[in-house]
Amino acid sequence: MRAITAAFCLFVALPILWLVYAAFLPAEALVQANLATFGVSFDNFAALWGSGLWRALGVSVSATSLVVLGQLTFGLGAAYAIRNGFRLLGLVMVLLALPTELLIIPLYRQLQSLALLDTLAALILPFLASPLVIFLLLQALRRIPRETIEAARLDGAGELTIVGRIVAPMLRPELLATGVLAFASHWNLVLYPRVMTSESLWTVQAVLTELLRTRPFEWGLLGAAALVTSLPILLLYSLFEKRIVQVFEAGFRS
């Protein structure tokens, strides 16, 4: 079993290793069609300056950060309401099963009627609430004893005070891990930004897809672009891997 698992991990890791190798591949290696050429070059990263990827990186960081902040805020409020008897869990589970792409057409018409197409708000507003975030935070909330919340109410604390000063600090690790998952989910949107915005507001994944379409044989450039695009996600997962796994395991056990 360990050998099969190791083989599977190697199979998954090979494209990532190739991505890193290609990003630093000297240009002469491609000209000579000799991929065994050794050396490190940053020319591929320098060539990205004219591709629009760095501008897209700023758009992605701005939009995704605001989306994560909104999803955690609204998600915690919704999870707290469900925990206290608000009948919303069925709708959350249905929305959890729907792919984002299915909602692109109605969202397009809605944003068009609000004159929000081709604005940064189009990348943020429709994603301020996430069923996945609500579901994960609800599982975490269920592990907080009801007596803790009831004691706060007896002391005269309002619901906002309980959520902000008692529940949120107790769920800080879960909020952090859920925030990383929410960040990855929004960061990896490809089709949605291309439909809702013009090229000036494309996110990194949209620009990467365009590079793959227009410059399919420039392996070094594509490797550098893919590495830059993936780096924030890889760093976040590396830093919070254990916490993310714990949150998922606890969520499914619940």
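**Figure 1. Glu218 and Arg215 form a salt bridge.** The closest N and O atoms of Glu218 and Arg215 are 3.2 Å apart. This is a predicted model, so every view here shows a prediction. How exposed are the two partners, Glu218 and Arg215? Glu218 is partly exposed, with a relative accessible area of 35%. Arg215 is partly exposed too, at 28%. Side chains of opposite charge can pair when their charged atoms come close. By the rule used here, the count of salt bridges comes to 6.

**Figure 2. Salt bridges link Glu150, Arg153 and Glu159 in a network.** Start with Glu150. Its side chain meets that of Arg153 in a salt bridge, 3.0 Å from N to O. Both residues belong to helix α9, which covers residues 146-154. How far apart are Glu150 and Arg153 along this helix? They are 3 residues apart, so about one helical turn separates them. Now move on to Glu159. Arg153 also forms a salt bridge with Glu159, again with 3.0 Å from N to O. What of their exposure? Glu150 is partly exposed, at 39% relative accessibility. Arg153 is partly exposed at 27%. Glu159 is partly exposed as well, at 38%.

**Figure 3. Phe24, Phe42 and Phe45 are linked into a cluster by ring pairs.** A search of the whole structure finds 6 aromatic pairs. One of them joins Phe24 and Phe45. The ring centres of Phe24 and Phe45 are 5.2 Å apart. Their planes make an angle of 45°, and the pair is tilted. Where in the chain do Phe24 and Phe45 lie? Phe24 is in the loop between α1 (2-23) and α2 (27-31), while Phe45 is in helix α3 (residues 43-46). The pair therefore ties together parts that are 21 residues apart in sequence. Is Phe45 buried or exposed? Phe45 counts as buried, because its relative accessibility is 15% and the cut-off for buried is under 20%. Phe24, at 23%, counts as partly exposed.

**Figure 4. Trp49 and Trp54 make a tilted aromatic pair.** The distance from centre to centre is 5.3 Å. The angle between the planes is 35°. Trp54 counts as partly exposed, at 29%.

**Figure 5. The charged end of Arg194 sits over the ring of Trp202.** Look for the centre of the Trp202 ring. The charged end of Arg194 is 4.6 Å from that point.

**Figure 6. Phe240 is in contact with Leu176 and Val180.** Phe240 belongs to helix α14, which covers residues 219-253. Its contacts with Leu176 and Val180 are those found when neighbours within four places in sequence are left aside. How many residues separate Phe240 and Val180 in sequence? They are 60 residues apart in sequence. In space, their C-alpha atoms are 8.0 Å apart. Phe240 counts as partly exposed, at 23% relative accessibility.

**Figure 7. The largest pocket holds about 710 Å³ of space.** It is lined by 25 residues. Which of these are closest to its centre? They are Leu95, Thr100, Ala129, Ser130 and Pro131. At least two residues come from each of α4 (53-83), α5 (89-97), α8 (131-141) and α11 (172-187).

**Figure 8. Ala115 and Asp118 have positive phi values.** Most residues other than glycine have a negative phi. Ala115 has a phi near 55°, which is positive, and it is not a glycine. Asp118 is not a glycine either, yet its phi is positive, at about 60°. Where do Ala115 and Asp118 lie? Ala115 is in the loop between α6 (104-113) and α7 (120-124). Asp118 is found in the loop between α6 and α7 as well. Ala115 is exposed, with a relative accessible area of 62%. Asp118 counts as partly exposed, at 37%.

Notes: Residues are numbered from 1 along each chain as its sequence is written. This is a predicted model: local features need pLDDT of at least 70, side-chain atom pairs count only at pLDDT 80 or more; totals for chains, interfaces and linings use all residues. Side-chain values use heavy atoms; hydrogens and water are left out. Rings of Phe, Tyr and Trp (its six-membered ring) pair if their centres lie within 6.5 Å; planes under 30 degrees apart count as stacked, over 60 as edge-to-face and the rest as tilted. Helices (H or I, at least four residues) and strands (E, at least two) are DSSP runs, numbered from the N terminus. Buried means under 20% relative accessible area, exposed over 50%, partly exposed in between (1.4 Å probe, protein chains only). A charge sits over a ring if NZ of Lys or CZ of Arg is within 6 Å of the ring centre and within 35 degrees of the ring normal. A salt bridge is a side-chain nitrogen of Lys or Arg within 4 Å of a carboxyl oxygen of Asp or Glu. Contact means heavy atoms within 4.5 Å. On a 1 Å grid over the protein atoms alone, a cavity is a set of points where a 1.4 Å probe fits but cannot get out, and a pocket is an open set with protein on both sides within 12 Å along at least five of seven lines; lining residues have an atom within 4 Å of a point. Grid points are joined across faces, edges and corners, and a volume is the space filled by probe spheres set on the points.
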